Amino acid sequence: SDHMENICGYLMKYTNLVTGWQYRYFVLNNDAGLLEYFVNEQSRHLKPRGTLQLAGAVISPSDEDSHTFTVNAASGEQYKLRATDAKERQHWVSRLQICTQHHTEAIGKNNPPLKSRSFSLASQGSANSPGVQRRPSQNAVSFFNVGHHRLPTGKRVPIMQPDHLVDVREMMSQAEGQQRDLIRSIECLPASGHLTSLDQDLLMLKATSMATMNCLNDCFHILQLQHASQQKGSLPAGTTISWLEPKISLANHFKNGAAQNFPAEINKPASVREEQSIAEPCQLTREPEEINPDEELEDICDDKEDDLGAVEEQRSVILHLLSQLKLGMDLTRVVLPTFILEKRSLLEMYADFMSHPDLFIAITKGSSPEERMIRFVEYYLTSFHEGRKGAIAKKPYNPIIGETFHCSWRMPKSNVATDAGTNSSAHSPSEQGTLPKDPDGQAELDYYTVKFVAEQVSHHPPVSGFYAECVERNMCVNAHVWTKSKFLGMSIGVTMVGEGVLHLLEHGEEYTFSLPCAYARSILTVPWVELGGKVNINCAKTGYSASINFHTKPFYGGKLHRVTGEVKQNMTNTVVCRVQGEWNSVLEFTYSNGETKYVDLTKLSVTRKRVRPLEKQGPFESRRLWQRVTESLRDGDIDKATEHKRALEERQRNEERLRAETETPWCTKYFLKDGDGWVYHKPLWKTASAAQTQQTDSN
């Protein structure tokens, strides 16, 4: 083909967390079906630093940015690469996909497809079954050494014949049977005594053996796809092979790896049956509901996430969960155990980022574009401490599609900074929680109201939209966030994909911003949270921007939760403010005039949000929807909480299946799709514009 050209050039290759990204010289050898790389172009005549076989590989452009892509070889090896721009990435991806398709087709033509047979783990017999008896010529050493020998550079990998794959399948069947016998033997041990089923070494053996079998099944599945390509036609360019999914339902393994038998429908508590019988969301009224802030009461709920005991008690559950996961695996569809949940929905967590409304309102009171950008950076950096609620790495509830959360804050006008010298942290909690009163004892309207609404607008991918506004100050913020979680070994990473926009209508300014990644570290001991990554805040009208770096702790030394940043005027490239410190402790702001300001987040007052009582909330409002799960967690009844949570998730799956069968699209309630994002249906910039137009017409 004219497109089968050998290309070469420099790309950035991700090595590891320590080394990071490095420039390497890559060569695509179409004839051999190889992707090779060298330290630089001058060393091209030497032995390559690395080589990937492209037959059966999957080439995937990344959704992280427009420059990154990955090459996933059939052997399981992966290259994460980055081009200089989107055009160069597309050039490499298209050429790699063409080469991959060509060599995958060649494998399919040279080898007849395997006979159709089921290789389900659950359907295999035990190690003593006649169909899986080991032949004299077979041994475990020869089986487990498959693929461990490197071939000389430039030589083609010998193709495994179908009868060889049958031999491998029989050996794997026997290994699976032995592994199941091992699991049963461990689980049959007594709960106490010299050797118990909770022995740490046995639990680790159980976890690693399960992970090993899953990995081998993945590799065998890829070989099957290659041999089946002749029958089904060649693999389309960019095909994604689903080999990073768990082979066993994680939801059924809460009790030391044993399947948990939930009671039959007739024996379920009435509350669970009620959760499952709530009508299909699209059958409910999808008309937006106007929430009256006067119906909302100051929140008295104070769920502290400070219980460390559960982590130690549930160690066996964590180990079994880890045995199902693989590095880089997307955790979106993985059902995690209930004991790691905190007692609030993700939508409410976004609301808690607004717990300093005085700093939010003060942004628009800045006297200059420079001051307003600095104030926004101050508000932005102080929002994460309360939003995370403590150091324990617990996970909020995954919102159900159609779930909503409403709340508001009232802030006395006297508590909002009006000049740059005002330190909002000087106000005490009692001052911020008390409204001025008139002689009759009635609260005056001498306060600002900040209203908040959030909605889960999509389930796959999980996307949340949230919106907040202060009508009195003519300002609002609209954002959408897609949470992507991945397993990273001994930690879990969550990427917040999306964008927010702050609108200061009084000044005609828009500030776009992103969110940092979050990491749950040390998940086998005492899990803790850290933030990482670079975020940018930009105002196109004024030309001011901010660059903020959340630093993850290096392996050796270094501080926890460190953050640095700077605010600059883009046209003059002048830095007007620098910030450093810890996002959950003390922040230091240094201004261009030499002044320094310290903000102690541990002493910064928090304004309690106002929410409607449960009896006034709709069935899909977060607190009412998750009420029984939350109550069970407060009581420490993990089994009951799991049952209620499972009922909600099962109902959501059934509704999703029904919509797919009837081809019924999901109808959102408060947010509308706008390009790649979501926008509140009645944002302040539209209502304010409409009001001005109406006033002009009346005059």
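Is Arg344 buried or exposed? Arg344 counts as buried, because its relative accessibility is 4%, below the 20% cut-off for that word. Welcome to this predicted model.

**Salt bridges**

- There are 22 salt bridges in the structure.
- One of them joins Arg344 to Asp352, with the closest N and O atoms 2.5 Å apart.
- Asp352 counts as buried too, because its relative accessibility is 3%.
- Arg344 and Asp352 also belong to a network of salt bridges that links them with Asp299, Glu342, Glu348, Lys609 and Arg623.
- Elsewhere, Glu621 and Arg612 meet through their side chains in a salt bridge, at 2.3 Å from N to O.

**Helix H14**

- Helix H14 covers residues 638-662, which makes 25 residues.
- From its first C-alpha to its last, H14 reaches 36 Å, close to the 36 Å expected at 1.5 Å a residue.
- Where in H14 do Glu655 and Arg651 sit relative to each other? They are separated by about one helical turn, because they are four residues apart in the helix.
- In general, an α-helix has 3.6 residues a turn, so residues three or four places apart point the same way.
- The side chains of Glu655 and Arg651 form a salt bridge, with 3.4 Å from N to O.
- Glu655 is buried, with a relative accessible area of 6%, and Arg651 counts as buried at 3% relative accessibility.
- Other buried residues of H14 include Ala641, His644, Leu648 and Arg659.

**Strand S13**

- Strand S13 runs over residues 404-412, and nine of its nine residues are buried, so the strand is largely enclosed by the rest of the structure.
- In S13 both faces are covered. Thr404, His406, Ser408, Arg410 and Pro412 are buried on one side, and Phe405, Cys407, Trp409 and Met411 are buried on the other.
- S13 pairs with strand S14 (residues 447-458) in the antiparallel sense, over nine bridges.
- Within this pairing, Thr404 stands opposite Glu455 of S14.

**Aromatic rings**

- The structure holds 21 aromatic pairs.
- Among them is the pair of Phe376 and Tyr511, which is edge-to-face, with 5.8 Å between the centres and 65 degrees between the planes.
- Phe376 lies in helix H10 and Tyr511 in strand S18 (residues 509-513), so this pair ties together parts that are 135 residues apart in sequence.
- Phe376 and Tyr511 are both buried.
- Phe376 forms an edge-to-face pair with Phe513 as well, at 5.6 Å centre to centre and 70 degrees between the planes.
- This second pair also links distant parts of the chain, with Phe376 in helix H10 and Phe513 in strand S18, 137 residues apart.
- Phe376 counts as buried because its relative accessibility is 3%, and Phe513 is buried with a relative accessible area of 10%.

**Tyr379 in helix H10**

- Tyr379 is found in helix H10, which spans residues 369-388.
- Tyr379 counts as buried because its relative accessibility is 8%.
- Which residues does Tyr379 contact, leaving aside its neighbours within four places in sequence? They are Phe353, Met354, His356, Leu359, Phe360 and Ile363.
- The C-alpha atoms of Tyr379 and Phe353 are separated by 9.7 Å, and the two residues are 26 residues apart along the chain.

**Ser355 in a loop**

- Ser355 sits in the loop between helix H8 (346-352) and helix H9 (357-362).
- Ser355 is buried, with a relative accessible area of 4%.
- The side chain of Ser355 reaches the backbone oxygen of Asp352 at 2.8 Å, and Asp352 is also the salt-bridge partner of Arg344.
- Not counting residues up to four places away in sequence, Ser355 touches Glu386, Trp409, Ser605, Val606 and Thr607.
- One of these, Trp409, is among the buried residues of strand S13.

Note on methods
Residues numbered from 1 in each chain as written. Predicted model: local features only at pLDDT ≥ 70, side-chain atom pairs only at ≥ 80, totals over all residues. Heavy atoms only, no water. Helix = DSSP H or I, 4+ residues; strand = E, 2+ residues; numbered from the N terminus. Buried < 20%, exposed > 50% of the residue type's maximum accessible area, 1.4 Å probe, protein only. Polar contact = N/O pair within 3.5 Å; in protein donor to acceptor, adjacent residues only side chain to side chain. Contact = heavy atoms within 4.5 Å. Expected span 1.5 Å × (residues − 1). Pairing = 2+ DSSP bridges. Salt bridge = Lys/Arg side-chain N within 4 Å of Asp/Glu carboxyl O. Phe/Tyr/Trp six-rings, centres within 6.5 Å; stacked < 30°, edge-to-face > 60°.
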